[in-house]
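Morning, everyone. I have one structure to go through today, and I will keep to what can be read from the coordinates. Please have the sequence and the model open while I talk.

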Amino acid sequence: MNQNTTDAIKELLYKMADDLLIIGHRNSEWTGLGPILEEDISFSSMAQDKIGQAQALYVLLHELGEQEPDTVAFMRNANQFHNAQLLELPNGEYDFSLVRHFLFDHADQLRFEALATSSYEPVAKVARKVKGELKYHVFHANTWFVKLGSANEESHNRMQAAFNDAWNYALGMFEPSNNEGLLIEEGIFEGEKALFNKWLSNITPYILKAGITIPSSDTWNPVYGGRKGTHTEHLSPLVEEMSEVFRYDPTAEW
Amino acid sequence: MIKSLDPRVTRAEIDLDNNIEPLRELDQWETFEVFHQKKRGDQHMHVGIVHAPNAEMAFIFGKEQFGRRGISVNIWVVRTRDVYVSDYEDSDIFETVPGKNYREAGGYKVMDKINKYKKGI
């Protein structure tokens, strides 16, 4: 594999891993505060899954020459992260968190599905392994999204408002990347545009069932920047809090 | 407001004067019994209960409550109110069971005969 391809793969892996680490941390903030005990446990468990998936990707990056997973996860500054801004936004109320869970997990599942058939075997292996976890995450999101969207007036209005708030940030997940031409050529990844189309066609049936309306396309205004290290004011405090224990003594044995 | 060492709890701004009220009926939804199967072909075993509004949600919750630490291949959920529960007052119908060895096959010694047959004698 030549250097250009390696760089392109690393860019892709960093995107995915950072998305997962940041949302995993955000979702863990619901632990103990969830609306129902069983749902609190489910949501926290899924957050743990996401962090585990992030770790698997950081291990791949380490094999490609990046630093140790712990260092990469806990020693970077906010402007060195490549997650989409959607994932760093504060949790808000449970309606926003569920909407984000729905929008992100579908995209994440599609990314891993695409990589499961990738010609780069190590990432294909990780993708095949997380397939089952993601199946549950998406099923969980679909069920809650459809139920709350269509339950009664209050739940519908809250879900629709949260959806409207999240939409442009969700579009930002598919920020165009400079290096993806190479990955498309080599059959490693199909590219952000193709991914976006698949994502839209996957989520639309559930959005319809939930009685939610997608903002009209002439109002779309994707929030880009996250992939290049431009973030909202929310990421820095998150990174500091997440890294606090590790940074206290980076050489400690755990 | 509760101030905690954990900044996330502090941020949640939880009221200190939490009046504890008795739970209203069905406040936490009805319960479902959860059974899981470790390996295809095994018996499903009861592992606990979840509160849920319907069977689909009971499955979603049950998967994480009881399926997150070991492997299950299958989960059943049943509404607790659909489970017929016998009365403890009637448990005397089981009392004479230990004394009924005549029903057991313990006295039927047959392994020697089987082994002989297997050896083709």
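This is a predicted model: local features need pLDDT of at least 70, side-chain atom pairs count only at pLDDT 80 or more; totals for chains, interfaces and linings use all residues.

Where does A:Ile36 sit in chain A? A:Ile36 is in the loop that joins helix 1, residues 3–28, to helix 2, residues 37–63, of chain A. If we leave out its neighbours within four places in sequence, A:Ile36 is in contact with B:Gln28 and B:His51. As for A:Glu133, that residue is 97 residues from A:Ile36 in sequence, and the two are 22 Å apart in space, C-alpha to C-alpha.

That brings us to the contact between the chains. Chain B puts in 15 residues and chain A puts in 13 residues. On the chain B side, the elements giving two or more residues are helix 1 (7–11), strand 2 (45–52) and helix 2 (55–66) of chain B. Which of them gives the most? Helix 2 of chain B does, with seven residues. Sorted by class, the side of chain B that touches chain A holds seven nonpolar, three polar and five charged residues.

Next, the sheet in chain B. Three strands make an open sheet in the order 2-1-3, with antiparallel pairing. Strand 2 and strand 3 (74–79) of chain B are at the edges with a single partner strand each, so each has one side without a neighbour in the sheet. From one strand to the next, the twist averages 30 degrees. As background, strands of a sheet pair through backbone hydrogen bonds, in either a parallel or an antiparallel sense.

Now the pairs themselves. Strand 1 of chain B, residues 30–37, pairs with strand 3 of chain B over six bridges. In that pairing, B:Glu33 stands opposite B:Val78, and B:Gln37 has B:Asn74 as its bridge partner. Strand 1 and strand 2 of chain B pair over seven bridges, also in the antiparallel sense. There, B:His36 has B:Met45 of strand 2 as its bridge partner. Helix 2 of chain B lies across strands 1, 2 and 3 of chain B, and runs at about 125 degrees to strand 2.

In soluble globular proteins, nonpolar side chains tend to be buried together. The largest nonpolar core here has 69 residues, and A:Ala17, A:Leu86 and A:Ala166 touch the most other members. Helix 1 of chain A gives the most to this core, with 11 residues. Not counting residues up to four places away in sequence, A:Ala17 touches A:Ala54, A:Leu57, A:Tyr58 and A:Leu61. Another core of 10 residues lies apart from it, including B:Val50, B:Ala52, B:Ile60 and B:Val77.

Last, a helix pair in chain A. Helix 6 (residues 121–150) and helix 7 (residues 153–171) of chain A pack with their axes 6 Å apart, at an angle of about 120 degrees. Helix 6 and helix 7 of chain A are therefore oblique to each other. Helix 6 of chain A makes this contact through A:Leu148, A:Gly149 and A:Ser150, and helix 7 of chain A through A:Ser155, A:His156 and A:Met159. By class, the residues of this contact are two nonpolar, four polar and no charged.

That is the end of my part.

Conventions. Residues are numbered from 1 along each chain as its sequence is written. Chains are lettered from A and ligands numbered from 1 in the order in which they are written. Two residues are in contact if their C-beta atoms, placed from the backbone, lie within 7 Å. Helices (H or I, at least four residues) and strands (E, at least two) are DSSP runs, numbered from the N terminus. Ala, Val, Leu, Ile, Met, Phe, Trp, Tyr, Cys and Pro count as nonpolar, Asp, Glu, Lys and Arg as charged, and the others, Gly among them, as polar. Two strands pair if DSSP finds at least two bridges between them. Axes are lines fitted to C-alpha atoms, for helices over the stretch in contact, and angles run from 0 to 180 degrees between N-to-C directions. A nonpolar core is a set of buried Ala, Val, Leu, Ile, Met, Phe, Trp, Tyr and Cys residues joined through C-beta atoms within 7 Å. A residue is buried if 20 or more other C-beta atoms lie within 10 Å of its own, exposed if 12 or fewer, and partly exposed in between; C-beta atoms are placed from the backbone. Angles under 35 degrees count as roughly parallel, over 145 as roughly antiparallel, 65 to 115 as roughly perpendicular and the rest as oblique.
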